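The questions below take a reader new to this structure through selected parts of the model.

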Amino acid sequence: MSPVASSVHPNGIHVAQSVNGVAATSGAPGRALTPGIYAPIPTFFQKGTEDLDLAAFAQHVVRVAKAGVRPLLAGSMGEAHHITHAERVTLIQTARRALDDAGLSSVPIVAGTGAGSTRETVELCEEAARAGADFAIVIASGYYAGALAGNRAALKAFWAEVAQKSPIPVIIYNYPGASGGIDLDSDLITELATECPNLAGVKLTCGNVGKLTRICATVSDPSFAIQHPRQNPRAPFLVLGGFADFLLPSAFANAHGAITGLANVAPYTIQKLYELSEAAVKDPSLLPEAQRLQGIVARADFTIAKASISGTKALLEKLYGYGGNPRRPLPPIEPEAAVALWEHPHIQEIVRVERELSGKVAGA
């Protein structure tokens, strides 16, 4: 076994990095899953053909990574159900190449690998690992939700088997809205974390702060990492919110950040809020500023979420010159709705903050 060097996050996470390196399919040396902000990257398509727009995709991955935000590919924001196995591989390879070329080789890639069956989910995990993904995130298919939602044993068996067979660590993706109402409770998630050493966290797009708090009460305790070590020491069990509107309170519950679509539009702002929130836990004098910024972020998060994927893409088009439309059958946003979204005071407020923060970074 390779020797490891370990550091301890204040929320009970032991982040270990291999000294001697590992196989390519397990990520580069030092490429760890760490607390912070992750952005579910949209998949961009060329106008007319709906072929992948890899130039826009690569540009966007690097843009958010330079703000300190890690990319998550082929998730719900990335229209995973609209892209083929081969396209998923292409996206991972493109992102890895773009990050490496930009001098960001230490930035990890999380890839969505959820599918209809356990068998195909494992297959997607294997393909993602070969393509260069460091970690996978898995949602349960909602196609047979009527049979699965109330079957606790079947749901537990699904993630346990995927975690056991995946060559890269797996994050649980709990999103009832995209899985036919399947909603894992805190007891089941904690059991999975305890019993499955290749599970590396959970994303709670259910938005349930109580659930987040209960899970953190177990997995963020420093004793958890000692009693239940992970299969990959660089992949501790993280508890991540699925929205940015409760990032500050989640820090006080000893959570580990968020995977949030708003980080596509305002990566510097969300990263700043995360840093302020973590700092405010130790220094209460920072709490008023963190609360102010959390309010701006929460209002924008709520407003953009109502416009869905097409709304996020419309904002990216306005801000950065790329975005386009979703793949059919998802409809594009209506032109009038796009104008109203852009002009909404909640959006203008966060755009102002983002421009201020990114300008400071660029001029530093």
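Q: Against which elements do the buried residues of α3 pack?
A: This is a predicted model, in which local features need pLDDT of at least 70, side-chain atom pairs count only at pLDDT 80 or more, and totals for chains, interfaces and linings use all residues. Residues are numbered from 1 along each chain as its sequence is written, and side-chain values use heavy atoms, with hydrogens and water left out. Helices (DSSP runs of H or I, at least four residues) and strands (runs of E, at least two) are numbered from the N terminus, and contact means heavy atoms within 4.5 Å. The buried residues of α3 pack against α2 (85-101), β5 (110-112), β6 (135-139) and α5.

Q: Which residues of α3 are buried?
A: Buried means under 20% relative accessible area, exposed over 50%, and partly exposed in between, with a 1.4 Å probe and protein chains only. In α3, the buried residues are T121, V122, L124, C125, E127, A128, A129 and A131.

Q: How far apart are the end C-alpha atoms of helix α3?
A: The expected span of a helix is 1.5 Å times one less than its number of residues. For the 14 residues of α3 (residues 118-131), the span should therefore be 20 Å, and the distance between the end C-alpha atoms agrees with this at 20 Å.

Q: Which element gives the largest share of the lining of the largest cavity?
A: A cavity is a set of points on a 1 Å grid over the protein atoms alone where a 1.4 Å probe fits but cannot get out; lining residues have an atom within 4 Å of a point. Grid points are joined across faces, edges and corners, and a volume is the space filled by probe spheres set on the points. The count is 1 cavity of 30 Å³ or more, and the largest holds about 50 Å³. Its lining includes L124, E127 and A128, while the largest share, 4 residues, comes from α2.

Q: Which residue has a side chain joined to that of K156 by a polar contact of 2.9 Å?
A: K156 lies in helix α5 (residues 152-165). Leaving aside neighbours within four places in sequence, K156 is in contact with L188, E191, L192 and E195. A polar contact is a pair of N or O atoms within 3.5 Å; within protein, one must be able to donate a hydrogen and the other to accept it, and residues adjacent in sequence count only if both atoms are side-chain atoms. The side chain that makes the 2.9 Å polar contact with K156 is that of E191.

Terms used: On a 1 Å grid over the protein atoms alone, a cavity is a set of points where a 1.4 Å probe fits but cannot get out, and a pocket is an open set with protein on both sides within 12 Å along at least five of seven lines; lining residues have an atom within 4 Å of a point.
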